[in-house]
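Welcome! Take a moment with the sequence and the 3D view, then try the exercises below.

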Amino acid sequence: MRSITILAALCAATALTACGTDQHKDASDKGPTTAEETKAAEGIAALTGPQIINRAIKTTKSATSLTIDMDGIVDGDPMKYHMSSDNKGECTGSMTIGDGTVRVIKTGHTAYMKYDAAFWRAQGGADGEAAAKMIGDRWTKADASGADAKDFTAMCDSDQLLAGFSAADNIARKGRAATVDGRSAITVTESDGEETYTAYVATEGKPYLLKLVTKGGKEPGTLRFDDFDRPVEAKAPTGDIVDLDTLGD
């Protein structure tokens, strides 16, 4: 089965956040203190484009948990992704690549995956077809750090998911006021070659990054961020579960 990771998709989704670089933060914006971050994001829209996106990154990375939804193109394939994760490595969600879907739960040191037949066939070739017939609709489990689970458990730590989002020097342009799922926001835009990136930053409550839209290029798509600091209900499934670590022993 080919390696799949949402981390690369998150990095590819935006130049605004200088993903994977070691650039320096805009010196003109030292960012809010922890006490200030608990107050309303009053005045965020009055800042410059670089200041807005840098503050949004700092605030979003401070969340102990969040939910990320993605709908876009990754490595030429359509991908949809929904994952709630926290900074302790607990997570629950799903990923759809093409017509195939896998559900993922990680709690403690164990990862649980439930693949549909289309996913097995698309990702595993002949071996995938055999796995689809043998495992069917059952959940599987594996050591979260093992080869059978690591591609998915990399998505389970919210700190790791956001690690590449760096407050950095940029030329982001402040745009119009907007709403995201009923929440007031301000847009910030930057272009890089054929790609245009637009971030939507909350202007009420903490200035979280609410949405990120990539247009043009080879990997257009939309990321949505929600459920900041909400507990992640990652509970192990019950029933007949296939242990991938002992399969074939």
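**Exercise 1.** Are Y115 and W120 buried or exposed?

*Solution.* Before starting, note that this is a predicted model, where local features need pLDDT of at least 70, side-chain atom pairs count only at pLDDT 80 or more, and totals for chains, interfaces and linings use all residues. Residues are numbered from 1 along each chain as its sequence is written, and side-chain values use heavy atoms, with hydrogens and water left out. Now the cut-offs: buried means under 20% relative accessible area, exposed over 50%, and partly exposed in between, with a 1.4 Å probe and protein chains only. Both Y115 and W120 are buried.

**Exercise 2.** Classify the ring pair of Y115 and W120.

*Solution.* Start with the rule: rings of Phe, Tyr and Trp (its six-membered ring) pair if their centres lie within 6.5 Å; planes under 30 degrees apart count as stacked, over 60 as edge-to-face and the rest as tilted. The structure holds four aromatic pairs. For Y115 and W120, the centres are 4.3 Å apart and the planes stand at 45 degrees, so this pair is tilted. Y115 and W120 also belong to one aromatic cluster with F119 and F152.

**Exercise 3.** Describe the pair formed by Y208 and F228.

*Solution.* First, the geometry: with 3.8 Å centre to centre and 5 degrees between the planes, Y208 and F228 are stacked. Next, the location: Y208 is in the loop between β9 (195–202) and β10 (209–215), while F228 is in the loop between β11 (221–226) and β12 (241–243), 20 residues apart. Last, the burial: Y208 counts as buried because its relative accessible area is 7%, and F228 is buried at 11%.

Notes:
Helices (H or I, at least four residues) and strands (E, at least two) are DSSP runs, numbered from the N terminus.
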